[in-house]
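Open the model in your viewer and keep the selection tool ready. This tour goes from strand pairs to charged side chains.

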Amino acid sequence: NLRVIVDIDVNDFFDDFALKLGVAVELPFINGKRISPYWGLFTDLSFHYTYNELAGGNWNRQIDLPVSLGVLLGIEVFITEYLSFFAEYALTLSYTNSFLSSSSADDQTITNLTLLTDLGNSGKIGIVIYFEPAVK
């Protein structure tokens, strides 16, 4: 299965905006009728913008541009032939360029390479809508 990843986060209180676009390929261990455990691969590209107003008219701005690759391990539970829920964990390698600017300091660019396990509270759950029947 090929899955499109779209994640949008807007936080007006912190003047924060994030957009993630990506794709994932899922390969089932077992082709079950209603329950399907799977593993897979994914990649995504994100844009994260934060702006903070500080005391005295000062401000900070940060733009992050992460690119990620990873592997998935999850389970999909079919509710109907067109609708399912999934829960998964991921092991992610992420490369991020961050651009920092401020009213009181010189601009900076920071590069960061991270390995994320998505264990604990960082696992993902979601809904999948199929345009063709997924369960035969």
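Strands here, numbered from the N terminus, are DSSP runs of E with at least two residues. The model is predicted: local features need pLDDT of at least 70, side-chain atom pairs count only at pLDDT 80 or more, and totals for chains, interfaces and linings use all residues. Residues are numbered from 1 along each chain as its sequence is written, and side-chain values use heavy atoms, with hydrogens and water left out.

Now show strands 1 and 2 together. They run antiparallel, joined by 10 bridges. Two strands pair if DSSP finds at least two bridges between them.

Move on to strand 3, residues 35–53. Strand 2 runs antiparallel to strand 3, with 13 bridges between them. Select L21 and find L45 opposite, in strand 3. Then trace the hairpin: six residues lead from strand 2 to strand 3.

Next, select R3 and E26. They form a salt bridge, with the closest N and O atoms 2.5 Å apart. The term means a side-chain nitrogen of Lys or Arg within 4 Å of a carboxyl oxygen of Asp or Glu. R3 lies in strand 1 (residues 2–11) and E26 in strand 2 (residues 16–28), 23 residues apart.

E88 sits in strand 5 (residues 83–102), 85 residues from R3. Shared partners join R3, E26 and E88 into one network.

Are these side chains buried or exposed? Both R3 and E88 are buried, meaning under 20% relative accessible area (1.4 Å probe, protein chains only). E26 is buried too, at 5%.

Conventions: Helix = DSSP H or I, 4+ residues; strand = E, 2+ residues; numbered from the N terminus. Buried < 20%, exposed > 50% of the residue type's maximum accessible area, 1.4 Å probe, protein only.
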